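Dear colleague,

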Amino acid sequence: MSKDKLRILLAEDDLNLGVLLMDYLETEGFDVKLCKDGELALKAFHSHSFDLCLLDVMMPYRDGFSLAKEIRTKDKKIPVIFITARSLKEDKLKGYDLGADDYITKPFDEEELLWKIKAVIRRIPESAGEDKSEVISLGKYIFNVSNQSLTIGASTKRITEKESDILNYIAIRRNRVIKREEMLKDLWGENDYFLGRSLDVFITKIRKYLKEDPDISIENVFKVGFIFNVPPKQIEQ
């Protein structure tokens with residue numbers, strides 16, 4: 001997915017509507033991942049990074065409400081807009097109770113959906129790109145992004161700009177699979193052998209910087225990428 005485009009997870013079991021919405025949103029400058037049911041959407045969420053979720057309420061295997069609940073256990077800030085064929089007050093209240101940012105009822109005009117997406121982005125600026133938090137808690141460490149520093153106890157280490165970019169990238173996506181190819185394209189703009197080797201060197205360095213906390217780790221996922229494991233109880237900012 002492109003670094004410059006807002007990334008949308010679209011879960012819609014009506015494939016005709018799903019493809020129509022995907023094509024429209026892509027012409028408007030978004031990257032869209034279309035999934036035809038809730039289980040596939042959840043797998044996609046764990047495998048990729050997204051900036052916003054469009055979730056149909058009525059889907060096979062896993063409905064939009066349970067999908068949103070699961071997504072919000074992993075990422076409390078990601079915006080969610082529900083798509084539904086029903087306009088029942090109880091459904092809308094349930095959706096908002098789960099943390100929905102907005103709701104749109106079928107049938108709807110594509111421009112109305114676009115307006116809602118843009119309105120959500122304006123209300124939640126963090127969703128329009130990378131996390132802007134300057135200080136991130138990582139286990140026993142405090143990572144100051146703007147100062148490019150890692151602190152544990154009374155010890156502070158200054159790291160390079162690229163090391164900071166990489167650590168920030170994996171910290172935002174902690175406890176989920178980070179695809180190597182996507183990471184290279186997001187951080188360097190392309191994916192090739194030599195950049196991959198460079199990334200491996202940086203990851204090795206970051207592992208050494210974080211070795212004082214045995215509860216956090218950067219795990220290799222064979223032929224896929226990495227998982228930055230951080231204890232959930234220490235993720236809260």
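**Cysteines and cavity**

The model contains zero disulfides, a disulfide being a pair of cysteine sulfur atoms within 2.5 Å. Cys35 takes part in no disulfide, and the nearest cysteine sulfur, that of Cys53, lies 9.9 Å away. Cys53 is likewise in no disulfide, its nearest cysteine sulfur being that of Cys35. Cys35 counts as buried because its relative accessibility is 5%, where buried means under 20% relative accessible area with a 1.4 Å probe and protein chains only. Cys53, at 0% relative accessibility, also counts as buried.

Please note that this is a predicted model, in which local features need pLDDT of at least 70 and side-chain atom pairs pLDDT 80 or more, while totals for chains, interfaces and linings use all residues. Residues are numbered from 1 along each chain as its sequence is written, and side-chain values use heavy atoms, without hydrogens and water.

A cavity is a set of points, on a 1 Å grid over the protein atoms alone, where a 1.4 Å probe fits but cannot get out; lining residues have an atom within 4 Å of a point. The volume, about 50 Å³ for the largest cavity, is the space filled by probe spheres set on the points, which are joined across faces, edges and corners.

Its lining includes Ser47, His48, Tyr169, Arg173 and Glu182. By class, the lining of the largest cavity has three nonpolar, three polar and four charged residues.

With kind regards

Terms used
On a 1 Å grid over the protein atoms alone, a cavity is a set of points where a 1.4 Å probe fits but cannot get out, and a pocket is an open set with protein on both sides within 12 Å along at least five of seven lines; lining residues have an atom within 4 Å of a point. Ala, Val, Leu, Ile, Met, Phe, Trp, Tyr, Cys and Pro count as nonpolar, Asp, Glu, Lys and Arg as charged, and the others, Gly among them, as polar. Buried means under 20% relative accessible area, exposed over 50%, partly exposed in between (1.4 Å probe, protein chains only).
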